[in-house]
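Colleague: Could we go through how the two parts of this protein chain meet? I would like the conventions stated along the way.

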Amino acid sequence: MNQWLDERLHISRLNDKFLRKAFPVHHSFFLGEITLFSLIVLIITGILLALAYEPSNSLVVNSFDPGTADKQNLIPAAYHSALKINAMPFGDMLRRVHHWMANIMVAAAVIHMMRIYFTGAFKKPREINWWIGMLLLIFAALTAVTGYILPYDNYAFQTVGVVYAIVKSVPWVGDWLAQAAFAGQFPGAGIIPRIYGYHIMLLPGILLALTGAHMLIMIKQKHTQPQYAKRLAYKKIVGVPLMTQQTPIMLILALLFTGLVMLFAAYIPVHPIEVFGPPSSTPIPNIKPDWYLLWVFGALAIIPGNLGFELFGGEINAEFIGAMVFPGLVIGLMFAVPMLDRAKDNQYYAENPTNHPVRLAAGTAFMAFLLMLSVAGYKPDLIQAGLLTTANSNAILWILVIAVPVVTYFATIGIVRMIRALREADERDSLAHAHADD
Ligand code: HEM
């Protein structure tokens with residue numbers, strides 16, 4: 001069979017070029033793979049959901065509660081089809097797996113990115129893959145947001161209203177931009193077909209193309225190696241080949257991972273669209289995005305509402321500053337990481353984070369900053385719970401957003417110094433023992 005295929009497709013060349021690639025054996029290197037498995041499961045479950053979903057906001061009679069002949073109960077076809085999927089055998093389960101997998105994919109990509117950052121794997125020659133990874137993260141979040149809109153329950157409706165207003169806040173061209181992106185004034189008749197096109201074709205297409213480029217570059221540049229590889233064979237690639245050793249390991253990991261997510265989804269439901277009901281003018285109190293966009297929401301919540309000013313006839317308002325300019329600067333900083341840390345190239349080995357205290361502390365401080373902004377996203381809930389008041393909430397949350405990262409930075413430096421002192425004492429001890437043995 002092999003020979004038959006080889007004579008026609010020259011697969012042995014493929015084998016020599018790609019399938020013998022050595023994979024480092026270390027648990028942290030599976031994070032990128034888990035992100036990849038999530039993407040694959042999302043595509044499979046997404047295709048199955050698309051078979052039953054109706055991408056239209058035209059009104060249809062609610063077959064679960066038709067109303068009376070005089071007053072029919074009309075709801076958007078998209079919302080109706082989501083209710084129908086819930087009622088189909090395994091339909092609810094399919095929606096749950098798709099939903100939780102999207103969350104896990106973003107979480108796995110973030111943890112994978114942390115591994116890359118803290119071990120210096122973004123350094124020359126891997127800067128391009130860092131930038132492609134950043135784009136993957138942004139497009140993964142956009143894909144998730146568009147997915148939330150598709151069931152078109154009142155929650156989705158109110159959310160898309162918020163997103164529309166944010167796009168509209170862009171000075172000079174906002175109105176045009178929002179109408180172009182959302183197929184007319186919100187909520188226009190074309191909104192669901194437009195978002196559907198983004199969610200099932202445009203954005204997954206971009207994600208697949210970027211993932212392909214990410215993988216090809218990684219194969220070309222080879223992985224950084226775990227520290228133990230240095231001891232085993234200095235500056236040599238240590239690992240197991242993709243074919244035949246790494247592939248079964250990956251398959252087992254993929255099956256185990258998918259099984260665990262399915263078990264989780266079997267017990268933890270997703271947000272109940274039947275409780276929120278079809279789109280209506282009733283606002284939902286304390287509406288919030290998913291955890292990975294909460295920091296943007298937090299920035300929007302604590303930015304002073306009167307910050308706006310006029311510029312060349314356009315209005316730069318607080319919404320634009322909080323939801324576009326500020327996140328743009330934060331994301332820009334993340335893109336700039338390979339340019340900011342240029343201390344020595346890292347061609348071969350994953351660096352020990354404690355040997356790079358400033359990078360480590362900057363990373364933990366940055367995480368604390370995003371976490372505190374996410375806490376600020378709960379401002380209305382904190383006021384409601386009586387923990388803050390309307391008068392003091394902005395000041396207290398700003399103090400947290402600035403002070404906690406500063407404390408985290410210095411605490412990290414202090415902890416690293418302690419670890420290094422202990423390590424050096426340990427090394428001195430073993431040297432002393434070695435001399436004593438001599
Ligand atoms: C959908 C999202 C992503 C997928 C599917 C993905 C997949 C992968 C895989 C499978 C690997 C090889 C295994 C590993 O090193 O863990 C890898 C390596 C890498 N990824 Fe990602 N990744 C994604 C997002 C990101 C992000 C957000 C970043 C950073 C901004 C990033 C930067 C890198 C870099 C620099 C490498 C090379 C690491 C090394 O040589 O040690 N990736 N990615």
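**Domain interface**

Modeller: The C-alpha centres of domain 1 and domain 2 lie 29 Å apart. The domain assignment, automatic or from a database, gives domain 1 as 16-283 + 309-342 and domain 2 as 352-438. This is a predicted model in which local features need pLDDT of at least 70 and side-chain atom pairs count only at pLDDT 80 or more, while totals for chains, interfaces and linings use all residues. Residues are numbered from 1 along each chain as its sequence is written, and side-chain values use heavy atoms, with hydrogens and water left out.

Colleague: How many residues does each domain bring to the contact?

Modeller: Domain 1 and domain 2 each contribute 13 residues, where contact means heavy atoms within 4.5 Å.

Colleague: And what area is buried between them?

Modeller: About 930 Å², with 73% of that from carbon and sulfur atoms. Buried area is the accessible area (1.4 Å probe) that two parts lose on being put together, summed over both.

Colleague: Turning to charges, how many salt bridges cross the interface?

Modeller: The rule finds one between domain 1 and domain 2; it requires a side-chain nitrogen of Lys or Arg within 4 Å of a carboxyl oxygen of Asp or Glu.

Colleague: What is the N to O distance for Arg359 and Asp341?

Modeller: The side chains of Arg359 and Asp341 form a salt bridge at 3.1 Å, N to O.
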